[in-house]
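This briefing is meant for someone meeting the structure for the first time. Please look over the sequence and the model below before reading the notes on domains, interfaces and a single residue.

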Amino acid sequence: MNGRNVEISLTVNGETVTESVEPRRTLVDFLRENLALTGSHVGCEHGVCGACTVRLNGEIVRGCLMLAVQCNGAKIETIEGVSDSGEVADLQDAFEKRNALQCGFCTPGMLLTAQELLAHNKAPSRDAIREHISGNYCRCTGYHSIVDAIEAVAQQRGRR
Amino acid sequence: MKIVDDNPSALTALDRPNSYIGRAVPRPNLRRLTQGRGQYVSDISLPRMAHVAFVRSPHAHARIASIRTERAKKAPGVAAVVTGADLAKIMTPWVGVLTHLKGLKSAPQFPIAVERACWAGEAVCAVVARSRAEAEDACELIEIDYEPLPAVTNAETAADPATPVIHKELGDNICFERTLDAGHVDDALASSDAVVETTFVFGRHTGACNEPRSIVADWNEGEQRLTVYQGTQAPHMMQNLYAKHLGLAEQQVRVLTKDVGGSFGIKVHSYADEMAAVAISKLLRRPVKFVADRIESFVTDIHARDHRIKAKIGVKKDGTITAFEIDDLTGVGPYSVYPRTSGIEANQVVSLVGGPYTTPNYRAKARVVFTNKNVMSQYRAVGHPIAAAVTEGLVELAAAKIGMDPLEIRRRNLYADDAYPATSASGLRFEKLSHHESLAHLDAMMNYAALRSEQKRLREQGIYRGVGFASFIEVTNPSAAFYGVGGARISSQDGATIKLDAQGNIGVHTGVSEQGQGAEAVIAQIAASSFGVPIEKVRVVMGDTDNTPYGGGTWASRATGIGGEAAWQAGKALRANVLALAGAMLQARPDALDIVNGAVVDKGTGNERLSLAELARVAYFRPDTLPPGIQAELVATRHYVPRAWPFAFTNGVQASYLEVDIETGFVKLLKHWCVEDCGTVINPQLVNEQVRGGIVQGIGAALFEQCLYDERGQLLNGNMADYLVPMAAEMPDIEVGHVVSPTSDSELGAKGAGEAGTAGAPACVMNALNDALRPLGATPLTDMPFTPDKILRALGKV
Amino acid sequence: MKPAPFAYARVRSVDEAVALLGETAEAKVLAGGQSLIATLNMRLSAPPLLVDINGIDGLEGIAHSDGTVTIGALTRHVEAERSGTIAAHAPLIARAMPHIAHPAIRNRGTIGGSIALADPAAELPACLLALGGDIDIAGPDGTRTVKADDFFRGLFETALGPCDILTGIRIPAASKNTRIGFAELARRHGDYAIVGLAAAAQGDGKGLKNVRLAYFGVGSTPLRQPKAESALSSELNGKSIDAAIAALDLDPPDDVQATGAVKKYLAGVLLRRVIKQLMEPLQ
């Protein structure tokens, strides 16, 4: 046995992609290296920091804990995709307005995680927000402003 | 949503019309980052770029007997295998010393270990390959014979004659020592009503930036020029180092810094593996990339703290603090880090202990020793959290001993707000601080009295909550006194160049850099205000040694106070140039004109006379229509360095409110407050977020973070699962308030704010914890981080 | 750090998986991958082949019938977390779920993978042990069922052979007398516990019977505590609780988060807290 390349075909941000990949290539490296979608970041490569968070078939996953070969036939969405679709525009606005990012390295993963929370919980408490983003490491902000931004968007969406 | 205290109480608005000073202007270009369209070094890919991976020493100390590379060289995708001996031929070693830290010594360090590895994690061989994965594959094929040497892992015994000397040529394992004796400490202690003596321990921790250290080095043999893309805080400093150690002229080196995924002092040092990557690029004449993985980060990113301090305070019954005395010991790894050294943290501790208080009696001793662990150097708030914890810990222990409220003892000993200028016992010079006003503001903001009654009521129900405080001072806006006088080519001055373009926009080129703090926004706000254009018309250029004035970069809370002042002055200079031209064009006296909102106006009436776009059009395309002898100069450069004061000290006070589960030793943080005085506030939101982020890093130090080494010098928890960084669920909401005491050293009056949070948080969490446990008779906790283990032991539960 | 090279095979059936595992020594099963891929990335493990079982139909889903809740091996944590069946009939699992890692991990991690990995600090193996569940296994010699009490054998060592696939777990559905308790102490939300306790029992008047305690994070496997269980399985009062704590037979090793002595002490604290939960009838 060896790591012979495998051809995979999948949808990334609505675009069909066919690539030949080594089985050992993680999903996040595939996105970054093969597709040059560098919005998903590599922070720890062992599933703790959450910087590589992307959506697989509509649900957030760790891009470092998935292999690209596992994604044959899957639908992947990255921060670039949800930015272009406008799906998280209000969250992005709130993060910018509230300065809920400093270096920005955690932000793509943080936004996708927040979006999933708000999809399931329309009016999360601050504690619920903190718990939901507890797998996304931010070294810069201390989290308070991120919680503020997510809370503000939950309220805005609730008013709509 | 609650944005606290977004409008500071007093603004020195520097009364330009349409000033952005003091306003929470959103940072320009943030959308790039929220859309994942930034460019971090790890995102960069160049044609023919190869990837570097390192074989790292598994031993804390070992002689490298042999390195066999044949199998690795034949592995798929491998371009080269490079050893320390290979690189020693093209890159000179370095020694991390500063002459003003008298006696500080270190040994030559090479980009890749030559003959000896001195800590577990030091690079001993490099593989360059088509991909990082293939480079790692080949690393597994390199056979290295190590002869293990005795490892020095205990700082307490590192200087003993019986302990092996790590670098024989240095004679001993002592890196640096400093002593200080001010006033009459022995007499003061003897005349005290109470003396508290204890030992504080600070765990070794590290920055854990979300983006690991990354570098792309590109030596162009045809141009004879090196371009380095690096996530660094100090591009010009790195330019100098690469040139110096590769034997190049500085103009042969360009350092480019785009987005940086966190820095906190981690990315302001030279790293052997980054120096190696640069040398490898030159050796192979092709671009190479090195991105530290997380495991490498833990054993190579500088560590910090790791101090043991025996400390003493004397106090009178009336609360008067009579003296402080400390004895500090720290083990910094096998090399003093280049070029900022590994002596600064201990030096800062000596300087800063007792800093907020008027007592003239202070004795300190600090010893910095070499050990066979990862190197240590400056990380956010260098020395401050240690000094503040020692000082504030002693103050609250003393207050408890004499039965005085912790705020009251501070009121009786803090420098009075009208006592300035003042010089501390350790010789620090304070221009203007506001300890008492800050404390009063905090008292009101947190409703201290109500918290105390809540605490009392809950104790009766078996719920143990604690309130703790920390007053602090912070070194910001460092002058050449910090590094330059010690011989390091680290710029304390900074420059800004502002150019007017042909449409009336301005480009601001600044020597300071951005790692997320908001320096870009602050520079834009200042330039827009000083020159007179809407902020949308400003573009800031930073992080490029080819295209920015020489500057120090962003560290030690200097970007706003120093880089900002340079931008302020450059804006004024360009305004003068523009008004001189406008005067000629309009046949008006320049001093009767001003620039407001992107147009030249009459100063008196505010009536628009000429848009900047029109002025620029004429200057650039129809200079023939200008009066004879008039040459438009639509670029201005100014530089600034603090001269009147070696440092612009800031001050503040923090409070923590927490609850201890006395059965489990777990701590729940309920709330945190900080009032700080960073002089003129350019952007209150950015200041608040610096404070909040800093506080959480300080909380990490107090409760969670520690690099745990065993006696063989092996790091036991070098991964993100076992090294506990603060995550959202355990962190409290944080309220921030401001007092404003501008420095008169600059027109802006801005001081720094980047370290305040980290400086005070560990101290006040410690004090709150001890306050919570005091009624239970627990031994005061002074050994950070305060794990459930330690808390349960203090309570006598185990 | 990137994984060492390996081959990859996505199988469509359990038989195919078992056969492939038989052909390649040291091959590993890839289910949710939330622990496995981290170890591959760090090169702590370098199998020659990964057998991806995610494409096998029929290995996922949650069902309740005849007093038994069945959970397919490929059921993701998130499905269990949101499942009405789990909430109603396997409330111990429901209570444990929010403590397991973080949302992105729970979206991908599988129930079967967690049991098969048998991390001694993980929640689900302990829950399964506390509930006295069964583990369904398919192997070269056909299928078999192993009781949770017989499944966890050593550090990351279970009754699974190298060519076996865990196909599902079965647990007795909660009845009106069922009592459950769950508590863990982790430094940060979602971390592996310093010490945790999953417990199940039957309410018996004012007391309890059939008490099953399963500790995690304190040994090389989740650990039952028969002496403490019997101390609690008659009359329940301060004395019997003290006796149960005194009867805890734990000797946890030190680790980077806590010393063994503290873990042992905390095990007693958790027992007190869990007993309080056991005394409450289910809603």
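This is a predicted model: local features need pLDDT of at least 70, side-chain atom pairs count only at pLDDT 80 or more; totals for chains, interfaces and linings use all residues.

Within chain A, 17 residues of domain 1 are in contact with 14 residues of domain 2.

- Between them, domain 1 of chain A and domain 2 of chain A bury about 1200 Å², of which 61% is on carbon and sulfur atoms.
- On the domain 1 side, A:His41, A:Ile60 and A:Ile79 lose the most area to domain 2 of chain A, and together they account for 40% of what that side buries.
- The count of salt bridges between domain 1 of chain A and domain 2 of chain A is zero, whereas five residue pairs, with both residues at pLDDT 80 or more, are in polar contact between them.
- Strands β3 (53–56) and β4 (59–62), together with α2 of chain A, each supply at least two residues of the side of domain 1 that touches domain 2, and the residues of that side divide into eight nonpolar, six polar and three charged.

**Chain A against chain B**

- The contact between these chains involves 52 residues of chain A and 55 residues of chain B, and the two chains bury about 4400 Å² between them, with 51% of it on carbon and sulfur atoms.
- In chain A, the residues that lose the most area to chain B are A:Gln102, A:Tyr137 and A:Arg139, which together make up 18% of what that side buries.
- Nine salt bridges are found across the interface of chain A and chain B, and one of the salt bridges joins A:Arg126 to B:Asp733, with the closest N and O atoms 2.8 Å apart.
- The side of chain A that touches chain B takes two or more residues from each of α2 (79–85), α3 (89–97), α4 (107–120), α5 (126–132) and α6 (144–159) of chain A, and the largest share, six residues, comes from α6(A).
- By class, that side of chain A has 19 nonpolar, 19 polar and 14 charged residues.

**Chain C and its contact with chain B**

- Chain C is assigned domain 1 (7–52), domain 2 (62–172) and domain 3 (179–278), and the C-alpha centres of its domain 1 and domain 3 lie 35 Å apart.
- The contact takes 24 residues from chain C and 35 residues from chain B, and about 2400 Å² is buried between the two chains, 58% of it on carbon and sulfur atoms.
- Five salt bridges are found across the interface of chain C and chain B, and in one of them the side chains of B:Asp137 and C:Arg43 meet at 2.7 Å, N to O.
- Helix α12 (residues 260–278) of chain C gives the most to the side of chain C that touches chain B, with six residues, and that side has 15 nonpolar, three polar and six charged residues.

**A residue inside chain B**

- B:Val675 lies in strand β27 (residues 666–677) of chain B, and B:Val675 is buried, with a relative accessible area of 0%.

Notes:
Residues are numbered from 1 along each chain as its sequence is written. Chains are lettered from A and ligands numbered from 1 in the order in which they are written. Side-chain values use heavy atoms; hydrogens and water are left out. Contact means heavy atoms within 4.5 Å. Buried area is the accessible area (1.4 Å probe) that two parts lose on being put together, summed over both. A salt bridge is a side-chain nitrogen of Lys or Arg within 4 Å of a carboxyl oxygen of Asp or Glu. Helices (H or I, at least four residues) and strands (E, at least two) are DSSP runs, numbered from the N terminus. Ala, Val, Leu, Ile, Met, Phe, Trp, Tyr, Cys and Pro count as nonpolar, Asp, Glu, Lys and Arg as charged, and the others, Gly among them, as polar. Domain bounds come from an automatic or database domain assignment. Buried means under 20% relative accessible area, exposed over 50%, partly exposed in between (1.4 Å probe, protein chains only). A polar contact is a pair of N or O atoms within 3.5 Å; within protein, one must be able to donate a hydrogen and the other to accept it, and residues adjacent in sequence count only if both atoms are side-chain atoms.
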